[in-house]
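Thanks, everyone. Let me put the model on the screen, and then we'll walk through it.

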Protein chains: 2
Amino acid sequence: MTHTEKALVVLSGGQDSTTCLYWALQRFGAGNVEAVTFDYGQRHRIELDCAREIAARAGVYQTVLPIDTFAAIGGNALTDDSIEPEEGVRPDHDNTLPNTFVPGRNLVFLTFAAALAYTRGIRHLVTGVAQTDYSGYPDCRENTLKSLEVAIRLGMESRLEIHAPLMYLSKAETVYLARDCGALEALALSHTCYNGEQPPCGHCASCLLRAKGFAEAGLADPLVERFNGQ
Amino acid sequence: MTHTEKALVVLSGGQDSTTCLYWALQRFGAGNVEAVTFDYGQRHRIELDCAREIAARAGVYQTVLPIDTFAAIGGNALTDDSIEPEEGVRPDHDNTLPNTFVPGRNLVFLTFAAALAYTRGIRHLVTGVAQTDYSGYPDCRENTLKSLEVAIRLGMESRLEIHAPLMYLSKAETVYLARDCGALEALALSHTCYNGEQPPCGHCASCLLRAKGFAEAGLADPLVERFNGQ
């Protein structure tokens with residue numbers, strides 16, 4: 001980078017995006033990083049609280065953008081209270097999409113984030129999506145991101161770069177990255193549980209994946225410690 | 001097409017999308033066409049009324065989807081009342097973007113339309129964007145649409161096709177197409193004026209382009225006739 005460049009991090013309040021926020025702070029420098037959080041009618045409002053606390057703790061300017069469109073399209077578990085989310089890790093042979101799938105959710109998040117970045121003169125977008133444990137969400141894969149990057153560059157006449165530093169990391173490697181870029185303590189404020197419980201329920205797909213990552217990394221989860229210690 | 005396929009038309013209530021609605025009816029057959037209209041905080045609510053009337057006249061099921069995000073991003077003339085839209089046709093040497101540009105607006109429209117189409121089992125998306133008279137909107141160009149189509153196909157694991165039948169037509173050719181697919185009378189209900197006036201103001205960029213097209217085609221504009229005749 002020839003001069004100071006700025007980055008916008010898509011911050012959901014979860015483990016992965018929190019890790020990415022600190023990755024961006026390390027790479028682009030404090031004062032060059034902003035966050036955007038989407039209020040899209042998610043089932044658990046606690047995610048928004050977590051994202052706000054995490055941005056504040058990191059000293060990062062945060063924009064919260066509403067998206068009322070997904071709820072209007074309807075028919076999915078994350079925004080429709082009439083549909084229960086699936087529990088547990090899905091078996092490998094099940095290649096249907098989980099009912100928490102909002103078609104095109106990440107496409108929309110990244111396009112709105114790019115629009116916000118455009119208006120703020122920011123060229124780098126950082127997202128915590130990962131192909132490794134992508135739970136069947138096809139819009140978390142690198143091919144999707146790469147083609148969307150091209151579409152956004154053409155459609156906005158910008159030189160936008162989408163960074164997905166966790167793309168090919170295992171959950172254990174993501175935990176190591178969090179440790180190495182100083183994100184570990186902030187993870188005590190992050191949210192993961194699909195059931196929206198605090199302390200986390202421990203048995204939904206998200207909780208199991210998170211616990212597995214910390215176990216394989218041989219480190220304690222600061223979020224679990226936070227509640228055990230009380 | 002081996003069996004009956006369905007199409008979803010992005011219907012803004014303007015001349016081009018109205019023409020596309022009738023193009024789709026001719027190609028996919030009545031009963032196989034739906035419309036989606038976006039309520040994104042546009043300056044002129046009359047567009048929404050026009051779209052509703054046009055869909056009703058065509059006997060087409062219409063979904064109106066809200067998008068509150070653009071207004072939250074702010075800073076553009078179409079959704080921000082504090083900014084006046086530019087008047088007249090922009091000179092050729094001016095390669096800046098007009099201040100009516102909402103970054104990524106069409107990317108978002110098409111991605112949400114694709115999400116709606118996905119939930120309704122529709123594979124074809126029809127949009128009225130045109131490269132010929134694109135007024136500096138880079139997300140109306142074919143390259144943008146093609147790359148977005150790839151991103152959506154990968155991101156939704158779908159076989160979505162985006163059709164832009166007006167892409168390389170001049171405004172006069174679009175008028176001929178409207179005549180040939182039976183859309184001409186419906187154009188009396190359509191809206192074009194950037195200033196939101198009815199009858200149209202006649203001097204904004206959109207009114208001038210529309211008048212030029214009908215003049216070159218040697219046909220009367222049913223919208224103008226509607227008000228002249230009264």
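Start with contacts in chain A. Of those with a separation of 6 or more, 71% join residues 24 or more positions apart. Two residues are in contact here if their C-beta atoms, placed from the backbone, lie within 7 Å.

Ground rules next. This is a predicted model: local features need pLDDT of at least 70, side-chain atom pairs count only at pLDDT 80 or more, and totals for chains, interfaces and linings use all residues. Residues are numbered from 1 along each chain as its sequence is written, while chains are lettered from A and ligands numbered from 1 in the order in which they are written.

Now the fold. Chain A has eight helices and five strands. Those are DSSP runs, numbered from the N terminus: helices are H or I with at least four residues, strands are E with at least two. The order from the N terminus is β-α-β-α-β-α-α-β-α-β-α-α-α.

How much of chain A is buried? Of its 230 residues, 48%. Buried takes 20 or more other C-beta atoms within 10 Å of the residue's own; exposed takes 12 or fewer; partly exposed lies in between; C-beta atoms are placed from the backbone.

The interface takes 34 residues from chain B and 34 residues from chain A. On the chain B side, strand E3 (61-66), helix H3 (69-73), helix H4 (105-119) and helix H5 (142-156) each give at least two residues. That side has 20 nonpolar, 10 polar and four charged residues. Nonpolar means Ala, Val, Leu, Ile, Met, Phe, Trp, Tyr, Cys and Pro; charged means Asp, Glu, Lys and Arg; the others, Gly among them, are polar. And 100% of chain B's interface residues are also interface residues in chain A, so the copies meet through the same surface.

Last, one exposed spot. Ala30(B) sits in the loop between helix H1 (15-28) and strand E2 (33-39) of chain B. Why exposed? Because Ala30(B) has 11 C-beta neighbours inside 10 Å. Beyond four places in sequence, Ala30(B) contacts Leu25(B) and Gly59(B).
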